[in-house]
Amino acid sequence: MPEIIGEYVDRLVNLEMRVQGGLPRGVTHKLYEAARKKQGPPLTFLAAQKLIDALKPGDNVIIATGAGVPPWLPKGETDGPLGAASLARALDIGLGVKPIVVGEERTMAPTEASFEAAGVTIVDEKMFNERSHVALAIPYPLGESAGEATAHELMERFKPKAVITVEKHGPSASGMYHSIMGVGRSPDLVANVKFLTDLAQEQDILTIGIGDGGNEIGFGLIYDDVRRIQAYGPKCQCPCGAGVATVSKADVLVATAVSNWGAYGISAMLALMLENRRVLQDTETEYRMLDACIRAGAMDGLYTSQVMYVDGTSSAVQAALITILHHIVDNGLSQQPRHW
Ligand SMILES: [Zn+2]
């Protein structure tokens, strides 16, 4: 049954709603279908099942997020931190897992604010080891050499049992990073988390990549499809010419319309499969998370300003999505009433 419900959770979190002249239209379902064809089962179901199988209480999980670069998104965007916070909360409540969040230092304030609004308090390492409902927040340095060293350091220090990325960009074949509109970014401007996910895969540690464009870690699984589907897939606007598709893979790719929604879909499937409705945040918590994220400096990626939007979709849309996800979970856990 969870697999059938996951089918519809996947569809809900893959509703594309775009403004005119913005990101390319009509790509969400194509990326999703390619990801399904490659992997088989519904993606949110698959990710939730792998997490349940891989994790036990007390295990560490590293969650990476943080997208956007100065000057337009100086402290990052609202897509990513909220999804990371939702998953940290779900894994804490549902599985007793210990979340560690990493990202560019410039994006950490909004990320930490989102976590705390979700009820996952950022603490020091001593307290992290002593209690639940807390997380560690660790800045991930910019550039390739520091990124590679940090990957090894994090794996040795925390021995995570899963690494999850939410809206975390991976490099193209040239080594350059790209916005979905094909604008090139040097690896020196971003946290090269791909070293961490590559290392985790080498060590047979579960990796889950959640993304909405094809340039995020995980989409390397369907590299050729992204090159074919995305407007700047075959060729970027920067001199490298490699296109926006990333080569970075994950064990599970969750393709979605908005990266946060893919994470919410996984949280919903965890709630269903663990039979605990509380594992998915409620609408009030969702509102608090978005409000806190923006107050701490994050901006909407479309409007590039501190407004209550995520990828150009309003706060009301986030609430509607959470409402429907909760109803799917509630009905999935309820019996048909008896007729007398
Ligand atoms: Zn390029």
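The paragraphs below lead through the sheet, the helices around it, the nonpolar cores and a few single residues of this model.

The model is predicted, so local features are given only where pLDDT is at least 70 and side-chain atom pairs only at pLDDT 80 or more, whereas totals for chains, interfaces and linings use all residues. Residues are numbered from 1 along each chain as its sequence is written, and side-chain values rest on heavy atoms, with hydrogens and water left out.

Strands here are DSSP runs of E with at least two residues, helices are runs of H or I with at least four, and both are numbered from the N terminus; two strands count as paired if DSSP finds at least two bridges between them.

Strand β2 (residues 98-103) is joined to β4 (residues 134-139) by 4 bridges, the two running parallel, and I100 has L136 as its bridge partner in β4.

How many of the residues of β2 are buried? The count is 6 of the 6, so the strand is largely enclosed by the rest of the structure, where buried means under 20% relative accessible area, exposed over 50% and partly exposed in between, computed with a 1.4 Å probe on protein chains only. In a regular strand the side chains alternate between the two faces of the sheet. Accordingly, K98, I100 and V102 point one way from β2, while P99, V101 and G103 point the other way.

In the loop between β2 and α5 (108-117) lies T107, which is buried with a relative accessible area of 2%. Apart from neighbours within four places in sequence, T107 is in contact with G66, K75 and G76.

The largest nonpolar core has 76 residues, of which L51, L91, F115, I164, I208, I210 and I266 touch the most other members; such a core is a set of buried Ala, Val, Leu, Ile, Met, Phe, Trp, Tyr and Cys residues joined through side-chain atoms within 4.5 Å. Helix α10 (residues 259-273) gives the most to this core, with 10 residues. A second, separate core of 23 residues includes V163, A191, F195 and A200.

All of α10 is buried, 15 of the 15 residues, so this helix is largely enclosed by the rest of the structure. Its end C-alpha atoms are 21 Å apart, in agreement with the 21 Å that its 15 residues should span at 1.5 Å a residue, the expected span being 1.5 Å times one less than the number of residues. Just after α10, E275 takes a positive phi of about 55°.

Helix α1 (residues 2-12) has I5, G6, E7, V9, D10 and L12 as its buried residues, and these pack against α2 (28-39), α3 (43-54), α10 and α12 (315-332).

Conventions. Contact means heavy atoms within 4.5 Å.
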